[in-house]
Amino acid sequence: MTTRLTVAQALVRFLAAQYTERDGVRQRLIGATWGIFGHGNVAGLGQALVEYGDVMPYHQGRNEQSMVHAAVGYARQSNRLSTHAVTTSIGPGATNLVTGAALATINHLPVLLLPGDIFATRPADPVLQQLELPYAGDLSVNDCLRPVSKYFDRVTRPEALIPAALNAMRVLTDPVETGAVTLALPQDVQAEAYDWPEEFFAERTWVVRRPGADPTELAEAVTAVRAARRPLVVAGGGVHHSRAEEALAEFAEATGIPVASTQAGKGSLTYDHPQDVGGIGHTGTATADELARTADLVIGVGTRYTDFTTASNTLFQQPGVRFLNLNIAPYDGHKMAGMPLVADARSGLAELTEALLMHAHRVTDAYRAEYTEDKERWEQRVDAAYEADEPDVRPTQPQVLGALDAIVDETDVIINAAGSLPGDLHKLWRTRSRDQYHLEYGYSCMGYEIPAAIGVKMAAPDRPVWALVGDGTYLMMPTEIVTAVQEGVAVKMLLVQNHGYASIGGLSESVGGERFGTAYRFQAADGTYTGAPLPVDLAANAASLGMRVLRAKTVRELREALAEARAADTPTCVYVETETADTVSGAPPAQAWWDVPVAETATRPSAVKARDEYDRHVSTRRRPL
């Protein structure tokens with residue numbers, strides 16, 4: 001039997017019938033569709049979403065990039081087992097998807113992109129917003145999505161939708177290959193009718209695999225762990241994606257091996273777990289980074305080893321240090337010239353723990369005592385950074401985090417992506433649950449936080465969800481505040497005003513850039529932006545978009561505002577201006593070096609000094625072989 005529908009109608013019905021299943025739990029793969037409509041999709045997917053609104057929920061976005069961020073936030077909170085689709089018109093609507101697609105693909109998070117495209121049959125050529133290329137008639141602006149998509153197809157005939165849609169679902173549900181998936185949909189084809197086989201609309205369940213380890217690789221891994229005297233686990237985002245937190249805790253408790261975490265992996269163990277030693281790398285704790293410097297075996301679990309994690313091949317300094325990489329992706333398993341243990345994180349950890357228990361393997365009491373004492377000293381530094389002896393003064397950024405830390409519990413989710421907050425959070429935040437800490441640092445995309453918070457709240461409606469936003473990030477993309485207000489998504493926003501790009505300002509100063517172009521201030525006579533702060537009122541802006549705003553000028557007012565916001569059932573913003581670390585105690589400095597090249601020749605003293613410091617660090621570079 002067949003059913004006559006347009007391509008867009010068929011696609012919506014198909015998406016509504018797709019499910020994932022892992023560990024016996026089944027859920028919708030595409031939970032909803034976000035959309036902004038223009039001539040490239042309004043008569044196709046727009047009409048189809050009206051037609052089938054009973055089976056496909058729709059969310060109205062304000063910015064195409066932020067719609068992708070919302071879908072990604074939803075997908076991450078859903079453990080990559082469910083996501084959203086995003087539809088746009090052709091032209092700028094489609095190209096606005098690129099940043100969001102890159103973020104999704106880099107972080108291995110599934111999202112389905114459905115941009116409109118130019119006419120396949122060319123009745124109008126060029127069509128409005130068409131990119132004309134004299135050497136190629138089959139390209140459109142959508143082709144810029146190819147390098148940031150894990151799968152890309154252009155559906156130029158109705159019947160081509162069937163294999164394209166099935167391939168799209170295959171990639172979205174593959175734990176190795178998942179990321180942004182793009183189906184470019186010419187606007188004429190979207191509206192074209194076709195006789196579809198009923199089987200295309202039948203419910204289909206995609207089982208998400210948990211492959212175990214190869215016996216030979218497992219045996220080599222056991223031998224390596226047993227031979228190590230100072231092993232260290234680096235837990236990455238793959239621990240969370242696999243829901244391997246309990247398996248990691250069992251491994252750490254059985255062996256006594258300490259666990260450091262990347263930005264994506266933080267929370268793999270709660271902060272008070274005996275084996276948790278905090279974040280690692282440039283934004284890590286002194287405890288974790290010192291263990292990394294002296295480790296003879298680094299056990300990477302679900303990590304991609306980005307330069308913040310590995311400190312640009314300068315952090316792991318022990319001669320002969322080896323890397324054992326438990327990862328579901330073979331590509332990542334071979335990084336750092338490591339021994340691959342290619343498996344699902346939970347399956348691989350369980351097998352490794354069982355094998356080591358047979359040998360009753362544990363690290364020495366002296367090693368455990370060493371990192372336990374170091375961890376206690378670090379917690380004292382956290383206490384000092386959080387503490388505010390004078391409640392009636394303007395808080396520092398760490399004191400802002402301390403005030404938030406004091407009112408949340410394990411149900412709260414905090415979201416951040418860029419600026420100076422990620423560094424402070426990675427060092428200082430005390431994670432209480434497996435998914436409390438939601439940092440997008442694979443792409444560190446400014447503007448991610450607010451739309452991602454909406455997506456997370458949609459996936460976890462009963463939990464308090466906080467978007468932690470600096471003024472630089474806020475000005476990039478506050479538009480989805482309107483969506484949160486429109487749909488009654490009660491996200492909480494903590495808006496920190498520090499008058500510019502504080503993180504890059506600090507980096508600029510360290511590499512001889514003298515903080516040039518990083519402050520939100522008026523220009524001075526010498527052309528630098530060192531004048532008075534700009535008279536912007538971001539709190540008023542947030543209020544103008546419909547959000548309830550609570551202003552806090554002091555530590556005391558901040559504590560009261562945060563408690564009030566947490567209890568609110570409508571979108572609520574807490575606005576606070578922070579004191580700079582130049583005048584009062586801030587977060588502890590970086591504990592590891594980050595390789596950012598410095599001008600090799602310059603006349604300004606700051607750059608000359610920075611280059612001398614750079615050359616000193618470069619001499620410690622090591623390339624694992």
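Which residues touch the most other members in the largest nonpolar core? They are Ile280, Ile299 and Phe316, in a core of 53 residues. The model you are looking at is predicted. Apart from that core lies another one, made up of 47 residues and including Ile36, Ala102, Ala452 and Val469. In soluble globular proteins, nonpolar side chains tend to be buried together.

Next, have a look at a pair of helices. Helix H10 (residues 245-255) packs against helix H14 (residues 345-358) at an angle of about 20°, and their axes are 9 Å apart. Angles under 35 degrees count as roughly parallel, so H10 is roughly parallel to H14. Their crossing is left-handed. From H10, Ala247, Leu248, Glu250, Phe251, Ala254 and Thr255 take part in the contact, meeting Arg346, Leu349, Leu352, Thr353, Leu356 and Leu357 of H14. Of the residues in this contact, eight are nonpolar, two are polar and two are charged.

The loops hold some details of the backbone too. The peptide bond that leads from aspartate 125 to proline 126 is cis, with omega near 10°. You will find proline 126 in the loop between strand S7 (111-117) and strand S8 (151-154).

Notes. Residues are numbered from 1 along each chain as its sequence is written. This is a predicted model: local features need pLDDT of at least 70, side-chain atom pairs count only at pLDDT 80 or more; totals for chains, interfaces and linings use all residues. Side-chain values use heavy atoms; hydrogens and water are left out. Axes are lines fitted to C-alpha atoms, for helices over the stretch in contact, and angles run from 0 to 180 degrees between N-to-C directions. Helices (H or I, at least four residues) and strands (E, at least two) are DSSP runs, numbered from the N terminus. Angles under 35 degrees count as roughly parallel, over 145 as roughly antiparallel, 65 to 115 as roughly perpendicular and the rest as oblique. A crossing is left-handed if the near helix is turned anticlockwise from the far one by less than a right angle, and right-handed if clockwise. Contact means heavy atoms within 4.5 Å. Ala, Val, Leu, Ile, Met, Phe, Trp, Tyr, Cys and Pro count as nonpolar, Asp, Glu, Lys and Arg as charged, and the others, Gly among them, as polar. A nonpolar core is a set of buried Ala, Val, Leu, Ile, Met, Phe, Trp, Tyr and Cys residues joined through side-chain atoms within 4.5 Å. Buried means under 20% relative accessible area, exposed over 50%, partly exposed in between (1.4 Å probe, protein chains only).
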